[in-house]
Amino acid sequence: MVVDDVGRIINPGTLHGQVVGAAVQGLGSTFTEEIIYDEDGQLLVASLADYMVPVATDYPVVRAISLEAHPSPNNPLGAKGAGEGGIIPVGGALANAVAAALSSLGVEPRELPLTPPRLWQLIQKS
């Protein structure tokens, strides 16, 4: 669930797509997207066949609720920029959730993405 306040909603369909898309992009950077180089500095994920870009079917349904409680005072429509902000909190919120879930093991994730191998390493180190 994603909740935001966009001032005045001008196009609900576009807004919804932007907000949900940003959240899914945040999920991708949190769980799968990683730029990897070999020991010689050669990029190992140089194509979309190698780089794990998230798609809608990779994650459960993401729902968005957009509020109009605080219109922008900076323009006559009261509209604010919306959509891109949804990516910002995802990594921190989910890393904190993982830390809480694994707190009995002393696991504290400090690096993204939280891939299964990285989580397993954190668990093994604890």
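1. Val3 is exposed, with a relative accessible area of 51%; exposed means over 50%, buried under 20% and partly exposed in between, with a 1.4 Å probe and protein chains only. Val3 sits in strand 1. Please keep in mind that this is a predicted model, where local features need pLDDT of at least 70, side-chain atom pairs count only at pLDDT 80 or more, and totals for chains, interfaces and linings use all residues. Residues are numbered from 1 along each chain as its sequence is written, and side-chain values use heavy atoms, with hydrogens and water left out.

2. Now to the pocket. The largest pocket is lined by 13 residues, and Met1, Val2, Ala23, Val62 and Val90 lie nearest its centre. A pocket here is an open set of points on a 1 Å grid over the protein atoms alone, where a 1.4 Å probe fits, with protein on both sides within 12 Å along at least five of seven lines; lining residues have an atom within 4 Å of a point.

3. Which elements each supply at least two residues of this lining? They are strand 1 (2-5), helix 1 (12-31) and helix 2 (90-101), where helices (H or I, at least four residues) and strands (E, at least two) are DSSP runs numbered from the N terminus. Helix 2 gives the largest share, 3 residues.

4. Helix 2 is also the place of Ala93. Ala93 is partly exposed, at 45% relative accessible area.
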